[in-house]
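Please read it with the model open.

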Amino acid sequence: MKYIGIIPARYASTRFPGKPLALLDGKPVIQHVYERVSGHLDDVLIATDDERILSAARAFGGKAVMTSPSHRSGTDRCYEAYQLNGTDYDVVVNIQGDEPFISPKQLETLCACFSDPATQIATLVKPFRPTDDFSLLANPNSPKVVFDSNMRALYFSRSVIPYLRGVDQSAWLQRHTFYKHIGIYAYRSQALRQITALPQSVLERAESLEQLRWLQNGYVIKVGITDIETIGIDTPDDLARAALFLKNLK
């Protein structure tokens, strides 16, 4: 099977405008992401809506295309970029442009989900630790996932799922393994074309999670488990933490 990684990269951001071009150890964040995944997929492409990002990508030797500024999500931007690229691939991997420490092992786990011929979409989850504070589990900005015995997602929620009846919340993490959703996706190219044509669903609007649109329309989302914790960059403070993390890696 052939895999292409597409990295959606918008310039506008409420919390951190120009984030893809912010410097981390002397290089733009988007360059870190591109270099981390290059060589681990058959091709990698940056999909942007801004000439500054396009120019920066080409300056460091990255492949990039301009896409519409009106896309509602990174998934929609991925599909346009895939069309513009003009080459057929079996699977399109949607890589977050603000994850400079994405691991090649995570990509391997994600791509391995497609050994199941029923898989139309794949994503990653990470188990919460029994020692984590309950506030981490309850954080609505950290969606949770439940899946079946075949590792196919049943539901994603900003609420804690499942609810442990008759157990004090202070003991929930010791009594059950909960899973946090890691926001990286891969899609069979045909499925990507189909899901970008779907209207928003009731569940998606309720939880503001686009993957619920796919589930509600019957798509099979395979789940891969990773134990690797990455650092996403949403704010300037996150960038400072990422710089410290990178320094400690050296």
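1. The model is a predicted one. β1 and β6 run parallel and are joined by four bridges. Strand β4 (residues 43–48) also runs parallel to β1, with six bridges between them. Here I6 has L45 of β4 as its bridge partner.

2. How many residues of β1 are buried? Seven of its seven residues are, and the strand is mostly covered. In a regular strand, side chains alternate between the two faces of the sheet. In β1 both faces are covered: Y3, G5, I7 and A9 are buried on one side, and I4, I6 and P8 are buried on the other.

3. The pairing of β10 with β7 is antiparallel over seven bridges, with L124 opposite I182. Strand β8 (residues 144–147) pairs with β10 over two bridges, again in the antiparallel sense, and V145 stands opposite Y179. Eight of the 10 residues of β10 are buried, so the strand is largely enclosed by the rest of the structure.

4. The next point concerns the nonpolar cores. In soluble globular proteins, nonpolar side chains tend to be buried together. The largest nonpolar core here has 31 residues. Those with the most contacts inside this core are I6, I121, F156, Y187, I195 and W214. Helix α3 (residues 74–85) supplies the largest share of the core, four residues. Apart from this core lies another, of 29 residues, which includes L41, V44, V93 and I95.

5. I121 deserves a look of its own. This residue is found in strand β7 and is buried, with a relative accessible area of 0%. Not counting residues up to four places away in sequence, I121 touches F114, Y185, A186, Y187, I195, W214, Y219, V220, I221 and K222. R152 is 31 residues from I121 in sequence, and the two are 9.7 Å apart in space, C-alpha to C-alpha.

6. Which residues does W214 contact, leaving aside neighbours within four places in sequence? They are T75, I121, Y185, Y187, I195, Y219 and I221. I121, Y187 and I195 are, like W214, among the residues with the most contacts inside the largest core.

7. Helix α4 (residues 104–112) has Q106, L107, L110 and C111 as its buried residues. Seen down the axis of α4, these fall within an arc of 130°, so they line one face of the helix. K105 and E108, on the other side, are exposed. At the N-terminal end, S103 caps α4, with a side-chain oxygen 3.0 Å from the backbone nitrogen of K105.

8. Where do the buried residues of α2 lie around the helix axis? Those of helix α2 (residues 51–59) are I53, L54, A56 and A57. They cover an arc of only 165° around the axis, which puts them on the same side of α2. The buried residues of α2 pack against β1, β4 and β5 (64–66), whereas R58 and A59 on the other side are exposed. At the start of α2, a side-chain oxygen of D50 comes within 2.8 Å of the backbone nitrogen of R52. After the helix comes G61, with a positive phi near 90°.

9. The last point is the aromatic pairs, of which the structure holds 10. One of them, W172 with F178, is stacked: the rings are 6.2 Å apart centre to centre, with 15° between the planes. W172 and F178 are both buried. Together with F134 and Y163, these two residues form one aromatic cluster.

How values were computed:
Residues are numbered from 1 along each chain as its sequence is written. This is a predicted model: local features need pLDDT of at least 70, side-chain atom pairs count only at pLDDT 80 or more; totals for chains, interfaces and linings use all residues. Side-chain values use heavy atoms; hydrogens and water are left out. A nonpolar core is a set of buried Ala, Val, Leu, Ile, Met, Phe, Trp, Tyr and Cys residues joined through side-chain atoms within 4.5 Å. Buried means under 20% relative accessible area, exposed over 50%, partly exposed in between (1.4 Å probe, protein chains only). Contact means heavy atoms within 4.5 Å. The arc is that of the directions from the helix axis to the C-beta atoms. A polar contact is a pair of N or O atoms within 3.5 Å; within protein, one must be able to donate a hydrogen and the other to accept it, and residues adjacent in sequence count only if both atoms are side-chain atoms. Two strands pair if DSSP finds at least two bridges between them. Rings of Phe, Tyr and Trp (its six-membered ring) pair if their centres lie within 6.5 Å; planes under 30 degrees apart count as stacked, over 60 as edge-to-face and the rest as tilted.
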